[in-house]
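Morning, everyone. I have one complex to walk through today. Let me put it on the screen.

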Amino acid sequence: MNRILAIFFCCCLLAHGVAGANETASIVVIVNPASGIEKLSRDEVIDIFLGRYRKLPTGRVAMPIDISNPNDERALFYKLLVSKSPAEISSYWARLVFSGKTSPPFQVPDARTAVELVESNPNAIAYVDRAALTHGVKVVLEIKR
Amino acid sequence: MPRSVVARTSLSILLLAVVMGMVFSAIASWRVRAAEQDRLIARVHELLATVENTVSIACFLNDATLAKEIAGGLMKNRIVAGVTVMAGTTILYGNTAGTFGPGRGGELDNVSKPIYSPFSPGEQVGRITLQVSHAEIEAQATANARYTVWVLTLQMSVVAAAVALLVYLLVTRPVKAISDELHKLEIRSGMRLTVPSGRRKDEIGQLVVDVNALMTRLTDALDTERDLRRAQEISERRLQLVVDKADTGILVLDELGAVQSCNPAFMRILGPAAQPGARLGALLAPHGPAVDAVIADSYSSGKPRDIDLELAANDTRGAIWVELSVNSLGDTLMQALVNDITERKGAESAAQELASRDTLTGLLNRRGFDAALAKLLAPSRRQVRAALLLVDLDRFKQVNDTYGHEAGDRVLREVACVFERSVRRTDTVGRLGGDEFAIVLGGIDCPEKAQEIARTIIDGISQPIDIGAGLKSHIGGSIGIAFAGNPPESPAGLMHRADRAMYAAKQAGRGRVCVAAWPAALNSPAGDATEHDDESDAA
């Protein structure tokens, strides 16, 4: 019974998330509170996630985290951030594979893992739905539609 | 230019093709070159557009490796002489003629394009510049243009050759064949041109058919004309024979009367002077003006005109009469016929003489005298100065009765001689019958003159006349005179007045002259209209 309830809850959550993404979508960029960063500009986020500067403003190396699960957080993130589809982003990275100068963000299966990784790593920087926020992370940029 | 139509048409077509080929080639070459240059420049822009996204990423990431990769790809195009990729102020990749290795030479043109961030379209992250080789563009454009010209020339040559061949086969060769055949054709042989096979319906066939029809008409016309000419020759020969053998002088005149031709009879009649070229009027002198008038009249009226002419004797012939008939032949030619009518004229005048003369006295008889009087008093004459004398012999009947008719005849002949002695040659004397005579005196100015002549006559006939056997007769005469009025009255009227005057003279006693009164309607030229007897000279 509990299990059924949990699944139901999850479903509701998901539905909410999807609905939120479509209507009042809101993706937040999160870092470890220990990173010492209060805010990041949109351009700084673009530079970090698309490999231009892999450094946080504090000089610490940044470790961007992509969510690769079927959830549409990734698609929403890149769409809101640089108006690109996941396929375009994939194509982008594909062109850079051979040059070796930079690499795509670290891939995690879901938002939860991403949050956990940020909670545990001061270099990590990730994006999640606002609904997936925990107290162990710090929001440095909210991207709205 | 060659004379052969085949060579000429072929050469013309080829020449035209060459000229047109050159013109079109020049135009094509110019257009193709310009288009090719535009196309190559556009291609450079297309190349830039192709690599733009990747360049954008390279600039965004300052990725020299990626930039080099892109440049390497671009440099594979021959028109690209060099590539420079700038990320901000940093040169990510540079390969130009001057700085990075050998360029592709010649004058260079930079085609530059700003590069924007792949993620924020407003942010310029770099610039890519392509160095384009002018020489290469020129070379490629020229090569393309040359190829076009070559193809065009080839096409034009093939078309021209085909056209020349077709024209030769369809037009010039058949025409030349027809021309050669015509050249050898004899018009009289009845030969016809052959229609080239398969060309019966088109213009060539039509031409042959028309030429054949023309030749048929021509030969027919020639035959007809030959027949006509032969018939005309026969007819002319026959006519010439008639003209030559005719007794009538036949001649052709122009409208001015000059003799164009004449037959032997004409020369026989007029003598050797009648040669062609002379004027007929001159040949028939002194009737020139009359002849000319007749010719002009016939010419203007178009009708035949006749005239009888008496020609005086000359060196070659005696005096003759000719009848001249003039006819218009149409155009400006006239035909004249000249007949010798001397014999007929002689017979005619002899007969007339016979009819109008008194056989006894040789004077005019009644008929002849009347004719002469009528002629004198013709209504056409406006003024006549003449006197008519009627003479009646006195005592002639006794002579006749006493001595016989022969004596009477001698008296009459003697009296006639007296009359002829007493008047002028131009005056007319006639014996009206028996012992009655009439005399017309012409040109009488005053009555006294006529009376004087009358008295002379009476004196003459009052002389004794020898009547043979030693006998002499004594007769006398009474004369009545009437003067012709102005305008003249009728002969009968004049005669009547003279008769009455003569009767009056006889009544008044023999040997008298009596002048007739003027009719009331007429004015006397002498101003005296009263009748009076002149008895002063009575015998």
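Where in chain A does pLDDT stay under 50? Over residues 15-23, and the model has seven contacts beyond four places in sequence for that stretch. Two terms there. pLDDT is the predictor's confidence in each residue, from 0 to 100. Two residues are in contact if their C-beta atoms, placed from the backbone, lie within 7 Å.

Now the ground rules. This is a predicted model: local features need pLDDT of at least 70, side-chain atom pairs count only at pLDDT 80 or more, and totals for chains, interfaces and linings use all residues. Residues are numbered from 1 along each chain as its sequence is written, with chains lettered from A and ligands numbered from 1 in the order in which they are written.

Confidence next. The predictor gives the complex an ipTM of 0.74 and a pTM of 0.43. Chain A averages a pLDDT of 81, and 81% of its residues score at least 70. For chain B the average is 82, with 91% of the residues at 70 or above. Residues 97-105 fall below 50, with 19 contacts in the model beyond near neighbours in sequence. Residues 522-539 are also below 50, and there the count is 33 contacts. Where pLDDT is low, the predicted coordinates should not be read in detail.

On to the fold of chain A. Its secondary structure comes to five helices and five strands. Those are DSSP runs, numbered from the N terminus: helices are H or I, at least four residues, and strands are E, at least two. The order along the sequence is α-β-α-β-α-α-β-α-β-β. Of the 145 residues in chain A, 36% are buried. Buried requires 20 or more other C-beta atoms within 10 Å of the residue's own; exposed is 12 or fewer, partly exposed is in between, and C-beta atoms are placed from the backbone. Take the contacts in chain A with a separation of 6 or more: 66% of them join residues 24 or more positions apart.

How do the chains meet? Nine residues of chain B and 11 residues of chain A make the contact. On the chain B side, α1 (5-61) and α2 (64-75) give two or more residues. The largest share, four residues, comes from α1(B). By class, the chain B side has six nonpolar, two polar and one charged residues. Here Ala, Val, Leu, Ile, Met, Phe, Trp, Tyr, Cys and Pro count as nonpolar, Asp, Glu, Lys and Arg as charged, and the others, Gly among them, as polar.

Stay with α1(B). It has 57 residues and reaches 81 Å from first C-alpha to last, close to the 84 Å expected. That expected span is 1.5 Å times one less than the number of residues. There is a kink of about 50 degrees, centred on Glu52(B). The bend is the angle between axes fitted to the seven residues ending at a residue and the seven starting there. After α1(B) comes Asn62(B), with a positive phi near 55 degrees.

Last stop, Asp340(B). It lies in strand β9 (residues 333-340) of chain B. Why does Asp340(B) count as buried? Because it has 20 C-beta neighbours inside 10 Å. Asp340(B) touches Ile269(B), Ile320(B) and Val322(B), leaving aside residues up to four places away in sequence. Its C-alpha is 9.3 Å from that of Leu270(B), 70 residues apart along the chain.
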